[in-house]
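Please read the following with the model open beside the text.

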Amino acid sequence: MKLTVQIEKRYGDFLLNMEFSAEGGASLALLGASGCGKSAALKCVAGINRPDRGRITLDGTVLFDSGANINLPPQRRRIGFLFQDYALFPNMTVEQNIAAALGRSDRRRRKEKTAELMALFRLEGLERLYPRQLSGGQRQRTALARILAVEPLALLLDEPFSALDSFLKRQLEQELREVLDRFPGPVVWVSHDWGEAYRNCPRVCVLEDGRSAPVREMENLMANPGTISAARLSGCENDVSVRPGPAPELVEIPVWGLLLRISAPWREGVRELGVRAACVRPAKPGDVNAFSCRVVQTVEDAFTVHTALCPEGAAPGAPLLWMELPKEDWAALPDRGRFWAAVCPEDLMLLE
């Protein structure tokens with residue numbers, strides 16, 4: 001089963017230009033910064049908003065085609081949409097919210113299906129409670145039960161954990177993953193959180209200012225983001241201007257006064273070098289890509305130390321290089337004011 005989307009829609013000065021496909025069994029993340037058009041794209045797919053032009057198909061059925069003047073209403077698209085706020089009916093109980101999705105079906109069948117879904121999502125005992133009386137997890141499970149009541153062919157998830165604290169988020173992530181593992185159709189998961197997208201979606205489509213990049217494997221994005229915006233969205237903490245070095249395997253970072261060895265060949269259009277903080281490591285003089293640096297700032301969290309480094313040859317005002325180390329590795333350094341650091345050639349990312 002496959003969902004294919006190729007649409008354009010203008011919102012004032014903003015142009016949404018989306019092209020992607022999602023297949024059953026492998027959730028697709030739409031990853032981008034706030035305001036890049038992720039939620040707008042989902043609303044077009046669901047039929048809430050009408051694109052200006054393009055085509056949307058699901059399992060061989062045309063949902064929208066501007067050329068053929070086809071635009072199926074939301075209720076005929078068989079697409080389940082999980083909104084950020086879950087969009088439960090506030091004046092209906094849990095049982096009524098789920099039953100409402102079943103419409104005018106046989107009363108007995110509606111009651112049986114509602115009970116079945118409440119058992120599946122562990123909502124027994126909450127039948128007569130209203131959304132305001134539920135926890136965040138209970139509201140999400142109720143919304144998912146209501147969506148699956150109509151047996152959708154595809155699911156759209158619009159930042160389902162954006163308003164939750166980290167503990168509850170991880171718990172609900174696991175519960176949602178269990179539901180999605182049983183769902184056979186395409187799933188499109190909108191997020192601006194690269195960690196959330198990485199944990200849940202093997203494929204990704206990056207959006208920047210309304211325009212989509214080609215769909216990629218998530219592992220490929222992490223290893224080789226290709227562009228500055230994709231690198232930042234994938235959690236890369238460092239990027240710095242770069243130019244070709246005196247040999248094909250070398251690049252020069254003028255503001256840091258460094259020549260570093262790379263593993264990927266230089267290509268036209270490269271503007272910056274990306275370095276993940278976790279890939280910067282203490283080193284010894286003479287190690288590959290080793291350079292002396294001084295510590296400018298340290299920020300500790302529960303288990304790691306984030307350190308801002310300034311290479312010794314850096315120009316005034318040069319960007320700092322962030323390094324992330326486990327606390328025990330940081331504590332083991334003999335000098336935590338000045339030391340040698342290095343980045344392996346394969347961990348240096350050329351970015352357009």
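The largest pocket holds about 540 Å³ of space. Lining this pocket are 19 residues, and those closest to its centre are Pro-74, Ile-79, Gly-80, Phe-81 and Val-150. Two elements, strand S7 (79–82) and helix H4 (136–149), each give two or more residues to the lining of the largest pocket. By class, that lining comprises 14 nonpolar, two polar and three charged residues. Here Ala, Val, Leu, Ile, Met, Phe, Trp, Tyr, Cys and Pro count as nonpolar, Asp, Glu, Lys and Arg as charged, and the others, Gly among them, as polar. On a 1 Å grid over the protein atoms alone, a pocket is an open set of points with protein on both sides within 12 Å along at least five of seven lines, a cavity is a set where a 1.4 Å probe fits but cannot get out, and lining residues have an atom within 4 Å of a point. Points are joined across faces, edges and corners, and a volume is the space filled by probe spheres set on them.

The model is predicted: local features need pLDDT of at least 70, side-chain atom pairs count only at pLDDT 80 or more, and totals for chains, interfaces and linings use all residues. Residues are numbered from 1 along each chain as its sequence is written, and side-chain values use heavy atoms, with hydrogens and water left out.

Strand S1 (residues 2–11) runs antiparallel to strand S2 (residues 14–23), and ten bridges join them. Lys-2 has Glu-23 in S2 as its bridge partner. Two residues lie between the strands of this hairpin, where Gly-12 takes a positive phi near 65 degrees. S1 also pairs with strand S4 (residues 53–58), again in the antiparallel sense, over six bridges; Leu-3 stands opposite Leu-58 in S4. Pairing requires at least two bridges found by DSSP. Helices (H or I, at least four residues) and strands (E, at least two) are DSSP runs, numbered from the N terminus.

Within S1 lies Glu-8, which is partly exposed at a relative accessible area of 24%. Leaving aside neighbours within four places in sequence, Glu-8 is in contact (heavy atoms within 4.5 Å) with Leu-16, Asn-17, Pro-51, Asp-52 and Arg-53.

Helix H1 (residues 38–46) is mostly covered, with seven of its nine residues buried. The buried residues are Lys-38, Ala-40, Ala-41, Leu-42, Cys-44, Val-45 and Ala-46. Gly-47 follows H1 and has a positive phi, near 95 degrees.

Thr-93 sits in the loop between S7 and helix H2 (94–100). Thr-93 counts as buried because its relative accessibility is 9%. A polar atom of the Thr-93 side chain lies 3.3 Å from the backbone oxygen of Glu-127. Residues up to four places away in sequence not counted, Thr-93 touches Glu-127, Arg-128, Leu-129 and Tyr-130.

By class, the lining of the largest cavity has eight nonpolar residues, with no polar and no charged ones.

How values were computed:
Buried < 20%, exposed > 50% of the residue type's maximum accessible area, 1.4 Å probe, protein only. Polar contact = N/O pair within 3.5 Å; in protein donor to acceptor, adjacent residues only side chain to side chain.
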